[in-house]
Amino acid sequence: MKSRFVQEMYRFISLHSMIEDGETVLVAVSGGADSIALLYGLHTLLPHLNCHLHVVHLDHNLRDDSASDAKFVEEHALGLGLPFSGHTVELPQLMKQWKLSIEAAGRRARYQFFESVCDETGATKVALGHHKDDIAETVLMNLIRGGGSSGLKGILPIRDGKFIRPLAGFTRSEIEMFLDSENLVPRQDPTNTDQRYLRNRIRHELLPLLEQNYNPNIRTGLIKTTEILGTESEYLDSLAWEAFENCLLPPSDKPHIILDRSTFQQKHLVLQRRILRHALSEMAGKITDFSFDHYQAILNAINGDRPNAMLSLPNGLLFRRAYDQLIFERKSTEIGNFIYSLAVPGQTYIPEVNANITAHVYDSFPTDNFSMPDGTYEVILDYEKINLPLIVRNRRYGDRFQPHGMKGTKKIKDYMIDVKVPRMDRDQIPLLVCGDEILWVIGFTTNDRFKIVSQTKKYLHLHYG
């Protein structure tokens, strides 16, 4: 191997089992010092790593000369005999579209680009150029923003088993020394000194101030802190995963996660927050856009007095408390008022609930291998008490009916509260209506006035599904 730098890089990769034999590894290269050192270090190690490298570069189009960075990276890739993939995005437009800061939008755009090239090339790893100084800066950034132990553990050598950081064991000065020894001249990105960005202010103002006036070894101290908190966070995550599965209720046919509220409330607050992180991560795939305030708002809804509560969350998610169920789901278009005539006999499709209602009329009770339905998704009503046409619609203000087995009437709203239908679901429940009379609250019960009796001579048989 050429140098001690490359030898230490190989030891670090091996220690963390970053690269397996035969893997294709994307090397994210901006053209700056860190990524150029990463590229040349990995290229030198190719005979030892037994992998394939593919260079990638994303142009954020934030500067007039940004295209020259892409050409610079492509020339280095070709000079090393490596394949290259480049792409350009209009980051200012993405910021507006995604409603994110420039740093957050840039990060999302980069990772989307990495994933797309992985799909195209079959790459299973993405090598990033983060190093020790980046870790120290990240810890201070998360501390300033109010991050918990998960945020203070900094940048991990491997994330999600896919994103690897072979330079995480090196300082910026060690990287620059390697470049000098190899006569490699990186590109200088002027945005790295732009004081509008928090990371740059931490790098050029806060860290030097702390080193000069408080602790000359502050970077080393911060990195040790990340190692300690990282180990503790891994342990807590393992406990939280067990607790998450303990709270998890069986899935239904909808793409959501449901937790049992009483079981959740029995857990320690430390585990509760991590359970929420697990749920959000399962739904969104990443949790970088969720802040402490989001978790606190969810906890307030869980522990509050209102049995029904709803929160809009980042990444197109909703949290709902529906009595003793804690529901995480994706936002969907709200169902408006709908109304359809029911074909009797025949079949009627209700697109808003993606279901059919099938109607049959009999002159006698169907007795062959037939048991009386329970009135939820299948009913038999006294046809002679019904005047056509029949209508299928969702609820309207003032709706009332006489629930099966009751003497008096009840408002549909009150009935749905009594049977604990979540508020968000109430407008999705179809009702079978005859004039002003509700015959059937589909999925729940029928109107007692239309039940069959010994004198019934004609039967309306309905099936929903």
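Leu317 stands opposite Arg330 in strand 10, where strands (E, at least two residues) and helices (H or I, at least four residues) are DSSP runs numbered from the N terminus. The model is a predicted one, in which local features need pLDDT of at least 70 and side-chain atom pairs count only at pLDDT 80 or more, while totals for chains, interfaces and linings use all residues. Residues are numbered from 1 along each chain as its sequence is written, and side-chain values use heavy atoms, with hydrogens and water left out.

Strand 9 and strand 10 (residues 325–330) pair in the antiparallel sense over 6 bridges, pairing being assigned if DSSP finds at least two bridges between two strands. Leu317 is the bridge partner of Leu313, and in the hairpin of strand 8 and strand 9, with 3 residues between the strands, Asn315 takes a positive phi near 60°. These strands belong to an open sheet of 4 strands with the order 7-10-9-8 and antiparallel pairing. Its edge strands, each of which pairs on one side only, are strand 7 (256–260) and strand 8. Neighbouring strands of this sheet are turned by 15° against each other on average, direction ignored, where axes are lines fitted to C-alpha atoms, for helices over the stretch in contact, and angles run from 0 to 180 degrees between N-to-C directions. Helix 13 (residues 269–284) lies across strand 7, strand 8, strand 9 and strand 10, and runs at about 30° to strand 10.

Another open sheet has 6 strands in the order 3-2-1-4-6-5, with mixed pairing. Strand 3 (84–88) and strand 5 (158–159) are its edge strands, each pairing on one side only. Within this sheet, strand 4 (residues 125–127) and strand 6 (residues 163–164) run parallel and are joined by 2 bridges, with Ala127 standing opposite Ile164 in strand 6. Helix 2 (residues 33–44) packs on the sheet and touches strand 1 (24–28), strand 2 (52–59) and strand 4, its direction making about 155° with that of strand 1. Helix 4 (residues 66–79) also packs on the sheet, where it touches strand 2 and strand 3, and its direction makes about 170° with that of strand 2.

In helix 10 (residues 198–213), a kink of about 30° lies at Leu206, shortly before the proline Pro208; the bend at a residue is the angle between axes fitted to the seven residues ending there and the seven starting there. Leu198, Asn200, Ile202, Arg203, Leu207 and Leu210 of this helix are buried, a term that means under 20% relative accessible area, against over 50% for exposed and in between for partly exposed (1.4 Å probe, protein chains only). The buried residues of helix 10 pack against helix 6 (102–121), helix 7 (132–145), helix 9 (172–181) and helix 11 (218–247). Leu140, placed in helix 7, is buried with a relative accessible area of 8%. Leaving aside neighbours within four places in sequence, Leu140 is in contact (heavy atoms within 4.5 Å) with Ile202, Leu206, Leu207, Leu210 and Leu222.

Arg108 lies over the face of Trp98, at 4.8 Å from the ring centre, and Arg187 lies over the face of Phe72, at 5.9 Å from the ring centre. A charge sits over a ring if NZ of Lys or CZ of Arg is within 6 Å of the ring centre and within 35 degrees of the ring normal.
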